[in-house]
Amino acid sequence: MENELKQILASVLEIDVELINIETSEELIENWDSLKQMSIIAALEEQFKIEFDDEETVLLNSYELFLESLRNKLGQ
Amino acid sequence: MKYSEILAINSKLSKTQNVYHIAVLSNIIVNQFKEIFEFNLRKSGINAQAIIGDYDNILQDSEKFKKHNLVIIFWEIFNLVDGLQYKSEVFDNDRINEIINKTKAEIDFVFDNLSETAAVVMNKFSTMAFNCNILKNNKLDEICSELNLHLEKQKKQNVTIVDIEKVLVNLSISNSIDYRYYYSSKALYTIDFFKAYAEFILPIPLSLNGKAKKALILDCDNTLWKGILGEDGYANIGVSSSQKGATPFEEIQTLAKAKSKEGIIIGLCSKNNPQDVNDVLEKHPGMILKDQDITIKMVNWNDKVSNLKELAKKLNIGIDSFVFMDDSDFEINYVRENLPEVTCMQVPVKLSEYPLEFRKYLNYFFNVSSTQEDVKRVNLYKTQLKREADKSSFSNLEDYLKSLEIEITLLIDEQTAISRMSQMTQKTNQFNLTTKHYSEAEITQFIKSNTKLVVAIAIKDKYGESGITGLSILNINEEIADIDTLLMSCRIIGRNIEFAFFDQLLSLLKKRSVKKIRAKYTKTLKNQQVEDFYEKLGFTIISAESETKKYELSCDQYNYQNINYIKINNGK
């Protein structure tokens with residue numbers, strides 16, 4: 001699951017998957033804007049067949065936060 | 001394919017040459033459409049680069065992006081005024097009319113700005129996202145109908161109106177609309193919608209880039225009729241709605257027949273005894289599709305891959321312009337594996353789904369505009385096959401060519417041929433020196449221009465008329481002429497027409513005091529046969545790179561080819 005999350009972040013943000021780590025966040029990545037945020041949410045919802053609520057679509061803006069949320073939603 | 005995979009692969013498919021520029025204008029957020037649409041085009045061999053215009057900036061963007069190859073417009077009724085989907089209910093009639101009139105004026109303004117753009121795709125206005133549960137039409141629907149009527153009335157030649165509701169219906173509203181994101185960021189559509197929409201409109205840029213399909217090749221048993229001819233016999237195959245279970249086949253045949261009248265080549269590729277199939281085509285009273293509707297047949301016991309290759313050779317068109325239909329798992333897989341450029345459709349197991357599936361594949365034959373040549377095309381290919389057959393009786397090519405009694409009619413800056421000339425630049429791939437694609441709007445500009453000469457040729461021989469089948473576009477700057485475009489339809493190749501044509505072009509240029517001609521050969525996957533065309537005419541090579549060769553010729557040093565058995569007519 002971590003790999004899929006990293007792949008998705010890498011594809012949307014157009015960075016090397018190797019560079020995604022616990023520090024990766026909207027603050028740190030220059031091109032991570034609201035449009036990229038939308039794409040990340042869409043890709044994750046498609047990949048894991050889950051839904052983020054209105055708040056989550058905005059508040060989850062780092063690799064760490066996404067990882068935690070996915071773990072909860074997928075019961076891991 | 002998943003969205004994240006599309007993003008990853010799309011960036012790998014990007015190239016720097018021959019970019020097809022697309023601009024997407026909208027009054028909502030549609031950013032996720034970019035990569036999805038690029039991906040669909042890049043997969044099909046078109047190096048698309050899409051730019052999304054600024055949010056709610058359709059008017060300004062129609063000026064900014066008017067030179068792009070394709071402009072797509074998402075103009076959503078809900079955001080004509082922020083919250084119109086509910087505010088319209090409490091607006092009075094004056095306010096409603098104000099909105100309608102303002103939007104009509106804006107539509108006119110946008111279409112005007114884009115009048116010279118090669119192609120514009122405009123989505124019909126739709127209220128479905130919010131009104132699909134309402135029994136009675138409301139004010140929003142009123143606005144919608146008015147605006148759609150206006151679109152139909154005002155649309156110009158280069159505008160294709162797309163019924164977005166067809167995509168919504170196929171996908172369902174809940175799968176297409178993201179209300180969560182619409183309320184937070186005015187992003188109305190889901191990724192799934194963009195994928196379906198991209199697929200739906202794909203035939204438009206494909207046809208503008210010379211990639212529309214040209215030939216529908218059908219198997220016979222359980223594809224054209226119910227049953228197996230060799231086993232069930234002539235009397236027992238099911239072809240008409242009066243026979244049990246055969247209605248889908250009647251529908252398929254009728255749709256195919258209609259397409260053949262529009263100029264699509266219908267061919268057969270079947271493992272059967274040829275005489276058995278001919279009997280059905282010529283004599284069976286229930287058959288809708290008859291022998292005269294079918295351009296070419298490969299009915300034998302050879303493998304279908306060889307047959308398809310042979311068909312492509314005989315028709316002299318790329319095998320990538322074929323759609324192949326068969327019921328057999330084996331045949332479909334065999335062709336898919338060996339001829340990946342052929343689009344294959346397998347007859348569905350549930351026959352009731354057959355006609356609907358078939359209609360989807362007919363979209364591949366979409367052409368932005370149809371011409372006279374389209375209608376005559378089936379006959380043209382048939383006469384060509386006849387020519388080929390007769391050719392073998394001549395021992396010497398020259399004698400054969402003389403016997404054809406070929407006539408070339410020159411059409412200079414001919415306005416009535418604009419549609420056909422534009423179509424040729426989009427469809428002609430083999431005898432094409434520079435492969436530049438031009439829209440009707442662009443050809444019209446060239447004809448109006450003082451510094452450009454547009455010369456088309458119509459060909460006739462003793463077998464009949466081939467129609468307008470050659471084109472040259474020349475840029476004239478005082479004493480120097482540049483050959484921007486020089487192409488000939490594959491159906492007139494091999495008769496030295498190109499040499500007679502060039503003699504005429506040279507005479508025309510000399511009359512206009514041109515002293516020097518410059519030309520270019522741009523290599524593509526399909527035009528190798530003209531690699532040395534300019535060398536044959538006596539041009540000097542001035543530069544040669546891997547993909548391009550540049551040439552020069554002094555008019556007074558040109559040796560006329562003098563193909564004296566080809567007659568030249570001037571004018572209409």
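1. Let me start in a loop: A:Lys49 sits between α2 and α3 (54–59) of chain A. This is a predicted model, and in it A:Lys49 takes a positive phi of about 55 degrees without being a glycine. Most residues other than glycine have a negative phi, so this is a spot to look at on the backbone. With a relative accessible area of 70%, A:Lys49 counts as exposed, because the cut-off for that class is over 50%.

2. B:Asn18 lies in the loop between α1 and β1 of chain B. Its phi is near 50 degrees, again a positive value in a residue other than glycine. Is B:Asn18 buried or exposed? Its relative accessibility is 72%, so B:Asn18 is counted as exposed.

3. Back in chain A, please also look at A:Gln7, which belongs to helix α1 (residues 2–13) of that chain. A:Gln7 is partly exposed, its relative accessible area being 44%. From A:Gln7 to A:Phe48 there are 41 residues along the sequence, and the C-alpha to C-alpha separation in space is 13 Å.

4. Now to helix α2 (residues 33–43) of chain B. Nine of its eleven residues are buried, so the helix is largely enclosed by the rest of the structure. Which residues of α2(B) are the buried ones? They are B:Phe33, B:Glu35, B:Ile36, B:Phe37, B:Glu38, B:Phe39, B:Asn40, B:Leu41 and B:Arg42. If you want to trace the cover over these residues, it includes the helices α1 (3–12), α11 (191–201) and α12 (203–208) of chain B, together with the strands β1 (20–26), β2 (48–52) and β3 (70–74) of that chain. Just after α2(B) comes B:Gly45, with a positive phi of about 90 degrees.

5. In soluble globular proteins, nonpolar side chains tend to be buried together. Here the largest nonpolar core holds 98 residues, and those touching the most other members are B:Ile22, B:Ile72, B:Ile73, B:Phe74 and B:Tyr197. Which helix gives the most to this core? That is helix α2 (residues 34–48) of chain A, with seven residues. Apart from this core lies another, of 45 residues, including B:Tyr400, B:Phe499, B:Leu505 and B:Ile566.

6. Leaving aside residues up to four places away in sequence, B:Ile72 touches B:Ile22, B:Ala23, B:Val24, B:Leu25, B:Phe33, B:Phe37, B:Val121, B:Tyr197 and B:Ile201.

7. On the α5(B) side the contact is made by B:Asn93, B:Ile96, B:Ile100, B:Thr103, B:Lys104, B:Ile107, B:Asp108 and B:Phe111, and on the α7(B) side by B:Lys139, B:Ile143, B:Glu146, B:Leu147, B:His150, B:Leu151 and B:Gln154. By class, there are seven nonpolar, four polar and four charged residues in this contact.

8. Helix α8 (residues 164–171) of chain B packs on α11(B) at an angle of about 125 degrees, and the axes are 10 Å apart. That makes α8(B) oblique to α11(B), and the crossing is right-handed. From α8(B), B:Ile164, B:Lys166, B:Val167, B:Leu168 and B:Leu171 meet B:Asp192, B:Phe193, B:Ala196, B:Tyr197 and B:Phe200 of α11(B). The residues of this contact comprise eight nonpolar, no polar and two charged.

9. Last, take helices α14 (residues 247–261) and α18 (residues 354–362) of chain B, whose axes lie 9 Å apart at an angle of about 20 degrees. They are therefore roughly parallel to each other, with α14(B) passing α18(B) in a right-handed crossing. The contact brings B:Pro248, B:Phe249, B:Glu251, B:Ile252, B:Leu255, B:Ala256 and B:Lys259 of α14(B) together with B:Tyr354, B:Pro355, B:Phe358, B:Arg359 and B:Leu362 of α18(B). Nine of the residues in this contact are nonpolar, none is polar and three are charged.

Notes
Residues are numbered from 1 along each chain as its sequence is written. Chains are lettered from A and ligands numbered from 1 in the order in which they are written. This is a predicted model: local features need pLDDT of at least 70, side-chain atom pairs count only at pLDDT 80 or more; totals for chains, interfaces and linings use all residues. Side-chain values use heavy atoms; hydrogens and water are left out. Contact means heavy atoms within 4.5 Å. Helices (H or I, at least four residues) and strands (E, at least two) are DSSP runs, numbered from the N terminus. Ala, Val, Leu, Ile, Met, Phe, Trp, Tyr, Cys and Pro count as nonpolar, Asp, Glu, Lys and Arg as charged, and the others, Gly among them, as polar. A nonpolar core is a set of buried Ala, Val, Leu, Ile, Met, Phe, Trp, Tyr and Cys residues joined through side-chain atoms within 4.5 Å. Buried means under 20% relative accessible area, exposed over 50%, partly exposed in between (1.4 Å probe, protein chains only). Axes are lines fitted to C-alpha atoms, for helices over the stretch in contact, and angles run from 0 to 180 degrees between N-to-C directions. Angles under 35 degrees count as roughly parallel, over 145 as roughly antiparallel, 65 to 115 as roughly perpendicular and the rest as oblique. A crossing is left-handed if the near helix is turned anticlockwise from the far one by less than a right angle, and right-handed if clockwise.
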